[in-house]
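Take a look at the structure below.

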Amino acid sequence: MKRRINSTDRKSINRELISIRLIESEILNQPRSFTAELGGLAELSVPQTARVYVEPYVTGSSSSMRFDFGTVSGIVTPADTTLADLDRDGRILFRIKIVDGSAEVGKILALANALRPIDEKVSDDDRRAILPVRSEPLGEAVWELDLASQARPELVLNNRVPGLMDRIKTDPLLQGAIIPAAIGEILRCVLDPENADIDDDLDWVQDWKRWAADILGRPIDDESIDPEEVEAKRREIMEGFARMARFASRIEAVDAGGDALPNE
Amino acid sequence: MQVGTPSPMSDVARVLTPRGTERFRAWLAKGAATGEPTPRPLLIDPECSAPLAQTIEIEATPGEAPFANRYDFGAYLRNKLAPLDPVEIARDIGLWNWLSLYYFDLLCPSASERTRGLLATEVYVLSPERKYRQVFRHLVRGPWYAVREHGENAKVLLIHTERSGVVLATRGRIFEELASRQGILGNRTVIATAQRLYFDGKNNRPRLGASGYGPGSIRRFAIVVQQLELTYDTRACSVDQLLSLLPREFSEWKAKVQ
């Protein structure tokens, strides 16, 4: 886990302040465009005249674009936000930079990295969840964890499997088979103090640490670097989660013909 | 062969249709290596090519002299295509594929009937997917884009010191290091800084040692710029400001600038 020393006093931009949405083209095979609601940036304690740039990019590629959105107090959406120069395969994420235009020109004053755009097909509840779920083609696989880059992890279900998006919310057998495995992978990344791929100050990392601390009933010890200790902690969290979710008991209840038991 | 009839030495540029592109691609896959002549009839075949929105006259060898380097080629194309909307033509794969076929014997000359030094198909033919790693390597679009975006500062990208290979088909290490990153190729400050550091304007060539791998090399420059971008928005910086941010390993190069 990278614990950066923020010697530049750069602020991180809370996701609640902004909203980015991808828009499918009405013309077949034409690139998508996007909209960005950035009015919340004015709440940041940065100069109101600082410049705002939105940079979409494709994970796993060097493909990127850049759009000038004016200043913090005067957001101006560009006339054309078509993502025409981005590679079309791969996942699109966004970076928002607020840049000093007067005192120390070019210095990044605030930054939001690895922002996922809002997917129209994902409900608001799922979007706010600690582990958002979406569906897309996955070949013959049933599910996978999208843990690429520094964006919040998402559970991806194969859209070829009928009703899978609904069943994951209600079927305890499916939940017990998929969710703990996905959570275990995420915890492995979040808890590993030597994982250099993920920044400790990302808000989704902090969300997962708070969640894990709630399960454990005690704060997460960030400084532990003993791999065995980290693994033991991970297993403890997963067992605690399984107890709370009562997967086996709920499956038994369904098999016995009774009403499905709620999880705790 | 005259493509269109504007003047004795020039031709009217067109775009290859999907069918024309497929036939060009098929020739590259088989005929080009077996001595079949360049399929120039495709350039005017109405099923394989179509007119551009405006009449653009081009010449295969302007002034009857070959292009001295990729910069001259890019500058020529930039000037010739200036009447067209640059944003639109940047994405017009039919145009770039037509130009690639038009200039093919310069991009890939045959020393004898059966000896063409063919490179990967993607450097001659753009696909509809337009993946960046293919687009930047296209031997016609690449020089045009670099000169349109960076003017004279594109020299550091397009004039190389490689002694072997075909002038218009050899991209050089500086181009690969900088242009392979879309965020860098589109960044005027970074390219202008590279031009200042690594290009010897007096001799019209990159400075000796610029394309090496050691401290202060172009490879290190690309890496260090990406690190600086965690703290600075380099596009908003001036060249002097970016030079001042570079660490000590670049001192030798900075001294050559002053």
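Chain A splits into domain 1 (11-115) and domain 2 (124-255). Keep in mind that this is a predicted model. The C-alpha centres of domain 1 and domain 2 of chain A are 29 Å apart. Where they touch, domain 1 of chain A contributes five residues and domain 2 of chain A contributes seven residues.

Now consider the area of that interface. The size of an interface is often given as the accessible area lost when the parts come together. Between domain 1 and domain 2 of chain A, about 590 Å² is buried. Carbon and sulfur atoms give 44% of that area. On the side of domain 1 of chain A, three residues stand out: A:Arg15, A:Arg91 and A:Ala114. Together they supply 67% of what domain 1 buries against domain 2, more than any other three residues. How many salt bridges are there between domain 1 and domain 2 of chain A? The count is zero.

Next, move to chain B. Here helix 2 (residues 70-80) packs with helix 7 (residues 141-150). Their axes are 7 Å apart, and the angle is about 75°. Angles from 65 to 115 degrees count as roughly perpendicular, so helix 2 of chain B is roughly perpendicular to helix 7 of chain B. Helix 2 of chain B makes the contact through B:Arg70, B:Tyr71, B:Phe73, B:Gly74, B:Ala75, B:Leu77 and B:Arg78. Helix 7 of chain B answers with B:Pro143, B:Trp144, B:Val147 and B:Arg148. Sorted by type, the residues of this contact between helix 2 and helix 7 of chain B are seven nonpolar, one polar and three charged.

How values were computed
Residues numbered from 1 in each chain as written. Chains lettered and ligands numbered in written order. Predicted model: local features only at pLDDT ≥ 70, side-chain atom pairs only at ≥ 80, totals over all residues. Heavy atoms only, no water. Axes fitted to C-alpha atoms, helices over the stretch in contact; angles between N-to-C directions. Helix = DSSP H or I, 4+ residues; strand = E, 2+ residues; numbered from the N terminus. Parallel < 35°, antiparallel > 145°, perpendicular 65-115°, else oblique. Contact = heavy atoms within 4.5 Å. Nonpolar A, V, L, I, M, F, W, Y, C, P; charged D, E, K, R; others polar. Domains from an automatic or database assignment. Buried area = accessible area lost by both parts, 1.4 Å probe. Salt bridge = Lys/Arg side-chain N within 4 Å of Asp/Glu carboxyl O.
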